[in-house]
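Colleague: Could you take me through one part of this model in detail, the place where the ligands sit? I'd like the contacts spelled out, please.

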Amino acid sequence: MTELKGALIGCGFFAINQMHAWNDVRGAGIVAICDRDPERLKIVGDQFGIDRRYGDAEALFADGGFDFVDIATTVQSHRFLVELAAANKVPAICQKPFAKTLSDAKAMVEACRNAGIPLMVHENFRWQTPIQAVRKALDADAIGTPFWGRFSFRSAYDVFSGQPYLAEGERFIIEDLGIHTLDIARYILGDVRSVTARTKRVNPRIKGEDVATILLDHENDATSVVDVSYATRLSREPFPETLIELDGSEGTIRLTQGYGLEITNAKGTTTTDVSPKLLSWASRPWHNIQESVYAIEQHWVDQLERGAEHSTSGADNLKTFALVEAAYDSAARGQTIDVGAIL
Ligand code: NAD
Ligand code: 89Y
């Protein structure tokens with residue numbers, strides 16, 4: 001198999017995981033890196049032995065010599081960098097949140113479509129081992145037709161020390177974390193017709209909301225609740241687990257804290273350990289997320305080889321991003337938002 005050459009832009013906090021994962025992926029490797037902060041460029045270049053280093057993305061593209069770009073910067077630069085990739089006809093992966101607004105996200109998808117290049121959003125949570133296990137149980141018809149769900153992420157983990165910018169934005173938990181939980185809800189119960197949301201800020205030291213409760217009406221008539229909080233102190237800190245409850249016509253699924261998958265149906269109840277692997281470079285409690293970074297990067301390469309659409313393509317991610325926009329809009333106006341009308 002020919003090894004695909006990648007370039008990574010943005011050598012910050014999370015890019016370390018992406019670089020480690022690229023070392024493990026079959027069929028691709030990173031040959032060049034870019035960061036406008038020389039210190040970050042040196043740290044990542046030295047740690048991963050990358051000699052081709054750029055302080056400017058335009059200079060990186062001008063030199064070329066890579067088959068795809070992995071954009072690991074924060075959201076402010078995503079539109080510029082994705083459009084730069086499109087202008088250079090280089091397939092692109094873009095970290096979440098995909099864009100600042102839904103209209104930016106639509107323009108980015110359009111630019112890549114017009115350039116004829118694949119675009120995947122690094123929406124990795126659906127690739128977590130426990131989430132995949134829930135998807136497989138549904139596909140195996142373990143509980144018949146699901147009619148109700150709850151997707152819950154409640155924590156008091158200090159995410160601000162590693163990602164200080166999270167305390168500074170007007171928007172916080174829905175845009176940063178709830179975006180993953182909403183994507184999981186779509187992945188498990190399908191696309192969404194309408195959204196009703198309520199938000200709150202509990203932590204006085206941050207600017208945005210740190211609690212959100214979101215009601216989703218799915219197109220298949222299932223109803224779900226997505227509830228996310230970074231203001232919830234528990235006896236056992238669950239970060240970064242998404243807990244799931246699903247009720248179906250023939251049984252129930254519960255994804256419980258500690259990575260237990262409990263399925264109850266006419267045959268009785270089975271409980272399985274669906275813990276993520278602790279990869280050699282990973283550390284608890286992040287290993288669940290870290291394994292999913294490896295999984296989504298491998299998926300990128302595998303689908304490129306097959307010439308097939310990615311699970312979290314730019315076009316797919318518009319439908320998740322629309323839920324983020326709808327949730328903020330609903331909370332601000334106290335109304336239910338029709339998702340079809342904004343897509
Ligand atoms: P960070 O601020 O630590 O790193 C971003 C880096 O990008 C910085 O070093 C900055 O100098 C560089 N940069 C920004 N704009 C640039 C540009 N135009 N050209 C070159 N370099 C540029 O941020 P982070 O915490 O690593 O987060 C990055 C992204 O990853 C965010 O969008 C965040 O939401 C996302 N993230 C995703 C996950 C996940 O599980 N998918 C987890 C954490 C963070
Ligand atoms: O940025 C967030 C993400 O994508 O996963 C967890 C996180 O690092 C903090 O909420």
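Modeller: Let's start with His 180: an N or O atom in its side chain lies 2.6 Å from an oxygen atom of ligand 2. That is a polar contact, meaning a pair of N or O atoms within 3.5 Å (within protein, one must be able to donate a hydrogen and the other to accept it, and residues adjacent in sequence count only if both atoms are side-chain atoms). On its own, ligand 2 has 270 Å² of accessible area, and the protein covers 93% of that; such areas come from the Shrake-Rupley method with a 1.4 Å probe, and for residues only the protein chains shown count as cover.

Before going on, a word on the ground rules. This is a predicted model, where local features need pLDDT of at least 70 and side-chain atom pairs count only at pLDDT 80 or more, while totals for chains, interfaces and linings use all residues. Residues are numbered from 1 along each chain as its sequence is written, chains are lettered from A and ligands numbered from 1 in the order in which they are written, and side-chain values use heavy atoms, with hydrogens and water left out.

Back to ligand 2. Gln 163 puts a side-chain N or O atom 2.7 Å from an oxygen atom of ligand 2, and Lys 96 has a polar side-chain atom 2.9 Å from an oxygen atom of that ligand. The residues around ligand 2 also include Phe 125, Val 159, Asp 176, Tyr 230 and Trp 286, where "around" asks for a heavy atom within 4 Å.

Lys 96 turns up again at ligand 1: among the 24 residues there, Lys 96 is one of those that come nearest, along with Phe 14, Asp 35, Asn 124 and Tyr 165. A polar side-chain atom of Asp 35 is 2.6 Å from an oxygen atom of ligand 1, and one of Asn 124 is 2.7 Å from a nitrogen atom of ligand 1. Phe 14 uses its backbone instead, with a polar atom 2.8 Å from an oxygen atom of ligand 1. The protein buries 88% of the 860 Å² that ligand 1 exposes when taken alone.

As for the domains, an automatic or database assignment sets the bounds, giving domain 1 (4-117) and domain 2 (126-295 + 319-342).
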